[in-house]
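Trainee: Could you walk me through how to read strands and cores in a model like this one?

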Amino acid sequence: MHVVVTGALVENGAVLLVHRSPTRRAYPDLWDVPGGHVDTGESELQALAREMHEELGVHIVAESASRLGDWHAGSGEDAVHVGVWKIGDWVGSPTNRAPEEHDDIAWVGINELGGLPLVFGDLAALLRPLPEPDRLPGGLL
């Protein structure tokens, strides 16, 4: 089984998505949250921090990460377990540091996710419970 971790950077009611290159073998030409394989000896959170730095050039604040859920796909040797995390705080400005994997990155409103071709269609459902800016206590952004 392959273990993968993905991170949803969320800011002002939007999530940062990466567009998987049309030449990718797995899930080509679809939008996804960034992430990658968990290496031997790594925790999911360690892999998440490494992947966010490799792909986007940001350093996540580990204490701001919370698990949203899990996806499972395939079976046997092709089985994939994906841990999905929300990242509320990071240092740096996200840029596409993996152009061989992603041909675009974009901030997308959580309410707009349903109209995009996503790797996992239930991404919008996982993210919807997150507070929108106008619903934060005291009007804080």
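This is a predicted model: local features need pLDDT of at least 70, side-chain atom pairs count only at pLDDT 80 or more; totals for chains, interfaces and linings use all residues.

Trainee: Let's start with E7: how many of its eight residues are buried?

Mentor: Buried here means under 20% relative accessible area. In strand E7, residues 80-87, that holds for six of the eight, so the strand is mostly covered.

Trainee: And in which sense does E1 pair with E7?

Mentor: Look at the bridges. Strand E1 (residues 2-11) pairs with E7 in the parallel sense, over eight bridges. To find your place, go to Leu9, whose bridge partner in E7 is Ile87.

Trainee: What about E6 and E7, parallel or antiparallel?

Mentor: Antiparallel, with eight bridges joining E6 (residues 65-73) to E7. Ala73 stands opposite Val80 of E7. The two strands form a hairpin with six residues between them, and Gly74 in that turn has a positive phi of about 70°.

Trainee: Now the cores. Which residues have the most contacts inside the largest one?

Mentor: The general idea is that nonpolar side chains tend to be buried together in soluble globular proteins. Here the largest nonpolar core has 19 residues, and Val15, Leu17, Leu113, Leu123 and Leu127 have the most contacts inside it. E1, E2 (14-20), E7 and helix H2 (123-127) each supply at least two of the core's residues.

Trainee: What does Leu113 touch?

Mentor: Leaving out residues up to four places away in sequence, Leu113 touches Val15, Leu17, Val108, Leu118, Leu123, Ala124 and Leu127. Apart from this core lies another, of 15 residues, including Leu9, Ala47, Leu56 and Trp90.

How values were computed. Residues are numbered from 1 along each chain as its sequence is written. Side-chain values use heavy atoms; hydrogens and water are left out. Buried means under 20% relative accessible area, exposed over 50%, partly exposed in between (1.4 Å probe, protein chains only). Helices (H or I, at least four residues) and strands (E, at least two) are DSSP runs, numbered from the N terminus. Two strands pair if DSSP finds at least two bridges between them. A nonpolar core is a set of buried Ala, Val, Leu, Ile, Met, Phe, Trp, Tyr and Cys residues joined through side-chain atoms within 4.5 Å. Contact means heavy atoms within 4.5 Å.
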